[in-house]
Amino acid sequence: MDSSSDEERDPWLARYHDYKRRQRARQQRRANNKNNNNDPGPSSSVPVVAETSILTTLTQHPLFELFLKFLIWLGLLLFFAHHEFGSAFFVVSLPFVVWVSLDEYKQGPQELSAYSVFNKDCKRLDGTFTSDQWEQELKYGPGSLRQG
């Protein structure tokens, strides 16, 4: 049986064979490009645009995770409200949200907290008004440059 007669009867089979021919040609070109390093390949002046789906774009948005958490919380609130525990869920969930949000924004290793007790070795920020400085200004006047 001749393959060309099958392709004439079934257009999908013809498309499949055409796709396979193009795929083999593409693989052959890649192999030739790898063997011939002198070939610069595609022109570098043409920018390559990566295709991204709308789902990828949405999930990479900085507020996507917050929006998703809010939707889950709202769904739970509606569930508990339907079972007449909505106000109890709301009251219990607020301290939990505060507790979770305190841990969410962690500082980097180089960032210092405004409260020196939370910093490594209780290191203070530059320009912090300390009790030593206040005592010195009481003894020698405000703006004194004397180091005691």
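**Exercise 1. Is C122 buried, partly exposed or exposed?**

Before the solution, a word on the model. This is a predicted model, in which local features need pLDDT of at least 70, side-chain atom pairs count only at pLDDT 80 or more, and totals for chains, interfaces and linings use all residues. Residues are numbered from 1 along each chain as its sequence is written, and side-chain values use heavy atoms, with hydrogens and water left out.

*Solution.* 
- Step 1: recall the classes: buried is under 20% relative accessible area, exposed is over 50%, and partly exposed is in between (1.4 Å probe, protein chains only).
- Step 2: C122 has a relative accessible area of 47%, so C122 is partly exposed.
- Step 3: look at the backbone: phi of C122 is positive, near 50 degrees, though the residue is not glycine.

**Exercise 2. Which residue with a positive phi follows α4?**

*Solution.* 
- Step 1: α4 is followed by E84, with phi near 65 degrees.
- Step 2: E84 lies in the loop between α4 and α5.
- Step 3: E84 counts as exposed because its relative accessibility is 72%.
- Step 4: for context, most residues other than glycine have a negative phi.

**Exercise 3. How are the rings of W73 and F90 arranged?**

*Solution.* 
- Step 1: rings of Phe, Tyr and Trp (its six-membered ring) pair if their centres lie within 6.5 Å; planes under 30 degrees apart are stacked, over 60 edge-to-face, and the rest tilted.
- Step 2: the whole structure holds six aromatic pairs.
- Step 3: in the pair of W73 and F90, the centres are 6.1 Å apart and the planes stand at 55 degrees, so the pair is tilted.
- Step 4: W73 belongs to helix α4 and F90 to helix α5, so the pair ties together parts that are 17 residues apart in sequence.
- Step 5: F90 counts as partly exposed, at 38% relative accessibility.
- Step 6: both rings belong to one aromatic cluster, formed by F70, W73, F79, F80, F89 and F90.

**Exercise 4. Where is T130, and which residue's backbone nitrogen lies 3.2 Å from its side chain?**

*Solution.* 
- Step 1: T130 is in the loop between α5 (86-104) and α6 (131-140).
- Step 2: T130 counts as buried because its relative accessibility is 14%.
- Step 3: a polar atom of the T130 side chain lies 3.2 Å from the backbone nitrogen of Q133.

Terms used. Helices (H or I, at least four residues) and strands (E, at least two) are DSSP runs, numbered from the N terminus. A polar contact is a pair of N or O atoms within 3.5 Å; within protein, one must be able to donate a hydrogen and the other to accept it, and residues adjacent in sequence count only if both atoms are side-chain atoms.
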